[in-house]
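Here is a friendly briefing to read alongside the model. Please keep the viewer open as you go through the points.

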Amino acid sequence: MDKDTADRLVYTGPGTPMGDLLRRYWVPALLSSEIAEPDGPQVRVQLMGEKLLAFRDTRGKVGVIDEFCSHRGVSLFFGRNEESGIRCAYHGLKFDTDGRCVEVPSAPQVCERMSIKAYPAVERAGMVWIYMGPKGTEPALPDLEWCTLPPERVYVSKRLQECNWLQAMEGGIDTSHVSYTHRFEVDVDPMHRGTKANDYIKADGNVIFEIEKTDVGLTLFGRRNGEPDSYYWRITQWLFPWFTLIPPFGHHALAGHVWVPIDDHSCWAWSMNWHPERALSDEELAQMRAGAGIHVAYEEGSFRPRANKDNDYLIDRRAQREKRSYSGVAGISVQDASLQESMGSIQDRTQEKLLPTDRGIVMARRMLHEATLALQKGEEPPALAASAQRVRAAAVLLARGTDPMAWAHGHLVVDGQEPVHSV
C-alpha cells in the first residue's frame, strides 16, 4: 500500500477524508453508566481527536458538548453540573445539553454568541451514541441486533486500545488468526470452552476464504475441514464502517465489536455479548465483568486493560512453553491487543507483505478508501440504511459441495424466526 492511501485510511481528525466519512455515522461515545445520575459528575470524552464533555442534566437528558468554555477556554470538566446545564467554574457561564449558552452573569445580552459545539446524542444498548456530521444529515439510528434487544439479554464493555483504529479493526476482520493466537485459550475460557468448534479450529489452521461484498460491508467465509463429509465454516460480518460480528461458539452468547478512534494513535474497542432468545445468566454476567471472553480486567479506575504494553501484557513464558497460552498472554482481547499494539500506534503499511488470508482486510481497506473519495465528490456514504445491519455471524457445518454464500443468504438475516447457527 502506498503512503498516501495509508494516511487517508488512518487519520480521522476534523477535516481529514476518513474523519469526514466516519462522522457521517452514529458514533459510540461512552457507556450510559458513566453518566448514570442526573446532575452527576460530567465525563471527558475524546473521539477522532475532538475533546468533548458528556453529562446528564437535571431532567435526565444526555448532552455531549465541547469540553471548553467559549469565554476563556477553561475546561468545563471543572464546572458544575446543576439546574439543567454545565456552569463554568471560572466566570459562571452556563451551557445546556445543546451547547446553548443560557447564562452569562456579567453580560446577559451576549448569551447567544457564546454558545459552544454540541452533538445530537441518543442511548441504545446501554451506550451513548452521537452524530458528529453536518447538521441535517443524520442517518437512521443503529439497528444491529444487540442494539434492539431487552437490556437483560445484552452486555457491553469498552477498553482502551493503544493503536490506530484501523489496525485494531483489521484484527476483528481476520478470522484466520484464531487457530493460532487463541489456540489454547478457547479450551478454558468460559465464553468459548466445551464446543466442537474448538476442535475444528485447532485441527485445521489452513483457512480458505471466500468473501462476498454486500451493501453494508463484507461477509467473510473461512473454511476449515469439519467432519469427513463436511466443512466447518466460520462466517464473519464486517459492517461498514467499524462493526464486526464474531462467529459464535456452541451455546455461548453471540459476540461482536465496534472500533472507534479516540485519536490517530488510540481507539475504543467496544465488546458486546448478547443472546437473542434469553437473558444472560448471572454466571455469564459475572464472568464477563471479570474479564472473560472478549472482555478484559481493568487497571483500577480506568478502562485501560490491567495487562498492557507497560507490563508486557503480563506475558507468561512458562505458560507459553507448557502450551497453556499460544503467545504467553492471557485473555482473548488482550492477546489481540498485544499483537496489534506491537506494530506501533500506526502500522507502516508500506512495508507489509500480505497473504491470501488477508483478502478481507484488503477489501475492507478498498471500500473505506473508495468511500472517502466518493464523499469528497459529494456522493452519499455507503451503508446508511440501518435495516441492512440486521444480520448475524455464524459457525456451521455444511456438506462438501454446498455453496456457503447461497446458504448464508437464507439463514443470516435477523427476522425473529431464524435460529442461531453455531457449532
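The largest nonpolar core has 70 residues, and those with the most contacts inside it are Ile130, Trp146, Trp238, Trp242 and Leu368. Helix H10 (residues 359–376) gives the most to this core, with seven residues. Apart from it lies another core, of 16 residues, with Leu53, Cys69, Met114 and Ile116 among them. A nonpolar core here is a set of buried Ala, Val, Leu, Ile, Met, Phe, Trp, Tyr and Cys residues joined through side-chain atoms within 4.5 Å; buried means under 20% relative accessible area, exposed over 50%, and partly exposed in between (1.4 Å probe, protein chains only). Helices (H or I, at least four residues) and strands (E, at least two) are DSSP runs, numbered from the N terminus.

This is a predicted model, in which local features need pLDDT of at least 70 and side-chain atom pairs count only at pLDDT 80 or more, while totals for chains, interfaces and linings use all residues. Residues are numbered from 1 along each chain as its sequence is written, and side-chain values use heavy atoms, with hydrogens and water left out.

**Around Ile130 and Leu47**

- Contact means heavy atoms within 4.5 Å, and the two contact lists below do not count residues up to four places away in sequence.
- Isoleucine 130 touches Tyr25, Trp26, Val27, Ala29, Leu47, Leu52, Val64, Tyr119, Pro120 and Ala121.
- Leucine 47 sits in strand S2 (residues 43–47) and is buried, with a relative accessible area of 0%.
- The contacts of leucine 47 are Arg23, Val27, Pro28, Ala29, Ile130, Met132, Val260, Pro261, Ile262 and Trp268.
- From leucine 47 to alanine 307 there are 260 residues in sequence and 23 Å in space, C-alpha to C-alpha.

**Helix H9**

- Helix H9 (residues 332–342) is largely enclosed by the rest of the structure, because nine of its 11 residues are buried.
- Those buried residues are Ile332, Ser333, Val334, Gln335, Asp336, Ala337, Ser338, Gln340 and Glu341.
- They pack against strand S12 (154–161), helix H4 (165–173), helix H5 (185–188), strand S17 (254–263) and strand S18 (266–274).

- Two strands pair if DSSP finds at least two bridges between them.
- S12 is mostly covered, with seven of its eight residues buried, and S17 is mostly covered too, with nine of its 10 residues buried.
- S17 pairs with S18 in the antiparallel sense over nine bridges, and a hairpin joins S17 to S18 through two residues.
- S16 and S17 are likewise antiparallel, over four bridges.
- Histidine 257 of S17 is the bridge partner of threonine 244, and the bridge partner of histidine 257 in S18 is serine 271.

**Enclosed cavities**

- On a 1 Å grid over the protein atoms alone, a cavity is a set of points where a 1.4 Å probe fits but cannot get out, a pocket is an open set with protein on both sides within 12 Å along at least five of seven lines, and lining residues have an atom within 4 Å of a point.
- Grid points are joined across faces, edges and corners, and a volume is the space filled by probe spheres set on the points.
- How many cavities of 30 Å³ or more does the structure hold? There are five.
- The largest cavity holds about 370 Å³ of space.
- Its lining has 31 residues, of which Arg234, Ile246, His257, Ile294 and Ile332 lie nearest the centre.
- H4, strand S15 (230–239), strand S16 (243–246), S17 and H9 each supply at least two residues of that lining, and H9 gives the most, with four.
- By class, the lining of the largest cavity has 14 nonpolar, 13 polar and four charged residues; Ala, Val, Leu, Ile, Met, Phe, Trp, Tyr, Cys and Pro count as nonpolar, Asp, Glu, Lys and Arg as charged, and the others, Gly among them, as polar.
- The second largest cavity has a volume of about 90 Å³, and its lining has 11 nonpolar, one polar and no charged residues.

**The largest pocket**

- The largest pocket has a volume of about 460 Å³.
- Among its 20 lining residues, Asp174, His177, Met343, Asp358 and Ile361 lie nearest its centre.
- H4, H9 and H10 are the elements that give two or more residues to this lining.
- The pocket lining has six nonpolar, eight polar and six charged residues.
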